[in-house]
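Please read them with the structure open.

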Amino acid sequence: MMAQIPLKCYRSRHDRVLFGVCGGLAEYTGVDPVIVRLVFSITFFIFWIGFLAYFIAYFMMPQEPKQQEK
């Protein structure tokens, strides 16, 4: 069964460590969130571009809308 890709990339509300950017990108691309976090960590410590990319994504990605619970 293939994961359904959302139409828009949101910061995750349920799969978050800091602000939900990596969780949201992982949901959007269908990749495991740990892999996305590792990529951001490696680029942060080696190139310092990960820090900039993470916070740009934080400000550009909207928060995931709340689900209506019954």
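1. Helix α2 supplies the largest share of the nonpolar patch, 5 residues. The patch lies on the surface and is formed by Val 34, Leu 38, Ile 42, Phe 45, Ile 46, Phe 47, Ile 49, Leu 52, Ile 56 and Met 60, which together have about 1100 Å² of accessible area. Both α2 and α3 supply at least two of its residues. A patch is made of residues with over 30% relative accessible area and no salt bridge, like charges being joined within 9 Å and nonpolar side chains (Val, Leu, Ile, Met, Phe, Trp, Tyr) within 5 Å. A salt bridge here is a side-chain nitrogen of Lys or Arg within 4 Å of a carboxyl oxygen of Asp or Glu. Areas come from the Shrake-Rupley method with a 1.4 Å probe, and for residues only the protein chains shown count as cover.

2. On provenance: this is a predicted model, in which local features need pLDDT of at least 70 and side-chain atom pairs count only at pLDDT 80 or more, while totals for chains, interfaces and linings use all residues. Residues are numbered from 1 along each chain as its sequence is written, and side-chain values use heavy atoms, with hydrogens and water left out.

3. The chain has 3 helices and 0 strands, in the order α-α-α from the N terminus. Helices (H or I, at least four residues) and strands (E, at least two) are DSSP runs, numbered from the N terminus. Of the 70 residues, 24% count as buried. Buried means under 20% relative accessible area, exposed over 50%, and partly exposed in between (1.4 Å probe, protein chains only).

4. Which residues lie nearest the centre of the largest pocket? They are Leu 18, Cys 22, Phe 40, Ser 41 and Tyr 54, out of 16 lining residues. The elements giving two or more residues to this lining are α1 (21-29), α2 (33-46) and α3, and α2 gives the most, with 5 residues. About 280 Å³ of space lies in the pocket. A pocket is an open set of points on a 1 Å grid over the protein atoms alone, where a 1.4 Å probe fits, with protein on both sides within 12 Å along at least five of seven lines; lining residues have an atom within 4 Å of a point. Its volume is the space filled by probe spheres set on the points, which are joined across faces, edges and corners.

5. By class, the pocket lining has 9 nonpolar, 4 polar and 3 charged residues. Ala, Val, Leu, Ile, Met, Phe, Trp, Tyr, Cys and Pro count as nonpolar, Asp, Glu, Lys and Arg as charged, and the others, Gly among them, as polar.

6. Ala 26, in α1, is buried because its relative accessibility is 3%. Val 36, in α2, is also buried, at 12%. Ala 26 and Arg 37, 11 residues apart in sequence, are 9.0 Å apart, C-alpha to C-alpha.

7. Two residues of α3 (residues 49-60) can be set side by side. Phe 59 lies in this helix and counts as exposed because its relative accessibility is 67%. Phe 59 and Val 21 are 38 residues apart along the chain, and their C-alpha atoms are separated by 9.7 Å.

8. Arg 13 belongs to the segment before α1. With a relative accessible area of 37%, Arg 13 is partly exposed. Its C-alpha atom is 8.4 Å from that of Pro 65, 52 residues away along the chain.
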